[in-house]
Amino acid sequence: MLGHIARRLGSNGLKGISPQQLLPKETHRHLQSSLDTIRPISTVSLWPFSSQPRDFSQPNSSWSPEMQKVYDHYYALCDTDTENGEGKKRPWRKLPSYNRSIKYATGGIHLSKLIQAKARLFTRNVKEQGATFEYVVFVNKEEKRCVCVFQAGRLLEGAPGHVHGGAIATMIDTVTGTLAGFLSGPIMTANLNIDYRSPMPLDSVVLIHSALDRIERRKTYITSKVTSTDESKLYTEATALFVSISVGHLFGSRN
Ligand SMILES: CCCCCCCCCCCCCC(=O)SCCNC(=O)CCNC(=O)[C@H](O)C(C)(C)COP(=O)(O)OP(=O)(O)OC[C@H]1O[C@@H](n2cnc3c(N)ncnc32)[C@H](O)[C@@H]1OP(=O)(O)O
């Protein structure tokens with residue numbers, strides 16, 4: 001199939017070629033009839049390759065009612081785009097989450113190939129939904145803080161029936177790092193201090209609250225705490241230091 005498409009593309013790339021020309025008649029007819037059953041034809045694109053990367057933080061069937069409820073709560077506080085382009089300005093924004101750290105940033109697709117084409121983000125590389133890290137990050141730019149809703153799947157076991165401390169550290173690093181990157185641009189974790197206060201049962205849904213403490217030159221300090229969704233129980237507290245880097249740092253350059 002891909003060879004067929006490549007032959008039809010020839011040396012002219014995609015210019016002027018419709019999806020109908022690229023697909024065998026039978027495949028095209030099948031695709032057309034499937035799509036007709038789910039969306040009005042006027043809104044259907046027959047182009048079979050999505051240019052949109054998958055957002056792993058969209059709700060899915062592995063989410064517990066509690067996870068969905070907290071997601072709905074924060075989602076309702078987010079900026080919205082309406083059909084006539086008049087969005088509602090609200091303080092929160094849901095961040096999309098892809099399975100590579102830089103691929104979809106500006107120019108990142110080329111960088112990600114240079115660095116390691118087959119690399120995948122640690123927290124987004126298990127196919128079975130709900131088995132490991134299910135999470136979504138909401139950020140409040142004005143208040144320089146974010147909240148991550150995290151459902152810890154059964155494959156994250158450390159102590160029997162409970163979430164592994166390394167998995168919790170991974171999520172704290174990810175969330176504090178996301179906030180630091182959002183506020184300061186490219187960064188790397190220089191220091192992460194964690195106090196584990198109570199064991200977290202597998203399948204728990206928790207909130208990871210992270211906030212900017214201060215920025216000093218290239219250093220961004222973030223504080224974080226992990227609580228139950230009603231915030232009555234404290235699981236973990238942490239502080240993190242991120243140092244701003246140039247892209248060259250990832251290639252071993254000190255500039
Ligand atoms: C963009 C994000 C969005 C993407 C989405 C994906 C989401 C996932 C997000 C996932 C996120 C996950 C992210 C990850 O997991 S990143 C992976 C884990 N981290 C690393 O591997 C980092 C390894 N270390 C280094 O590369 C370098 O040491 C760094 C870059 C950290 C600094 O080396 P550099 O040569 O550049 O700087 P410098 O040495 O001149 O120091 C500069 C300043 O910093 C101070 N300092 C340094 N170290 C420490 C320390 N340990 N405690 C206290 N202070 C420290 C230092 O005193 C100085 O202070 P001052 O003299 O200015 O006062």
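This is a predicted model: local features need pLDDT of at least 70, side-chain atom pairs count only at pLDDT 80 or more; totals for chains, interfaces and linings use all residues.

Q: Okay, and how many residues does helix H6 have?

A: H6 covers residues 165-184, which is 20 residues. From first C-alpha to last, H6 reaches 27 Å, close to the 28 Å expected at 1.5 Å a residue.

Q: Which residues in H6 are buried?

A: Among them are Ala167, Ile168, Met171, Ile172 and Leu179.

Q: What does H6 lie across?

A: H6 lies across E1, E2, E3, E4, E5, E6 and E7, and runs at about 135° to E4.

Q: Switching to the sheet, what's the strand order?

A: The order is E1-E2-E3-E5-E6-E7-E4, in an open sheet of 7 strands with antiparallel pairing.

Q: And which strands stand at the edges?

A: E1 (92-95) and E4 (187-196) do; each has a single partner strand, so one side of each is left without a neighbour in the sheet. From one strand to the next, the twist averages 20°.

Q: How many bridges are there between E4 and E7?

A: E4 and E7 (residues 234-244) pair over 9 bridges, in the antiparallel sense. Tyr196 stands opposite Thr236 in E7.

Q: Where does H4 pack?

A: Helix H4 (residues 65-75) packs on the sheet and touches E1, E2, E3 and E5.

Q: Last one: which residues does the thioesterase annotation cover?

A: The unreviewed UniProt entry gives "domain: Thioesterase" for residues 161-231. Over that stretch the chain is 28% helix and 45% strand.

How values were computed
Residues are numbered from 1 along each chain as its sequence is written. Helices (H or I, at least four residues) and strands (E, at least two) are DSSP runs, numbered from the N terminus. The expected span of a helix is 1.5 Å times one less than its number of residues. A residue is buried if 20 or more other C-beta atoms lie within 10 Å of its own, exposed if 12 or fewer, and partly exposed in between; C-beta atoms are placed from the backbone. UniProt positions are given in the numbering used here, feature names are shortened, and annotations may be inferred rather than shown by experiment. Two strands pair if DSSP finds at least two bridges between them. Axes are lines fitted to C-alpha atoms, for helices over the stretch in contact, and angles run from 0 to 180 degrees between N-to-C directions. Two residues are in contact if their C-beta atoms, placed from the backbone, lie within 7 Å.
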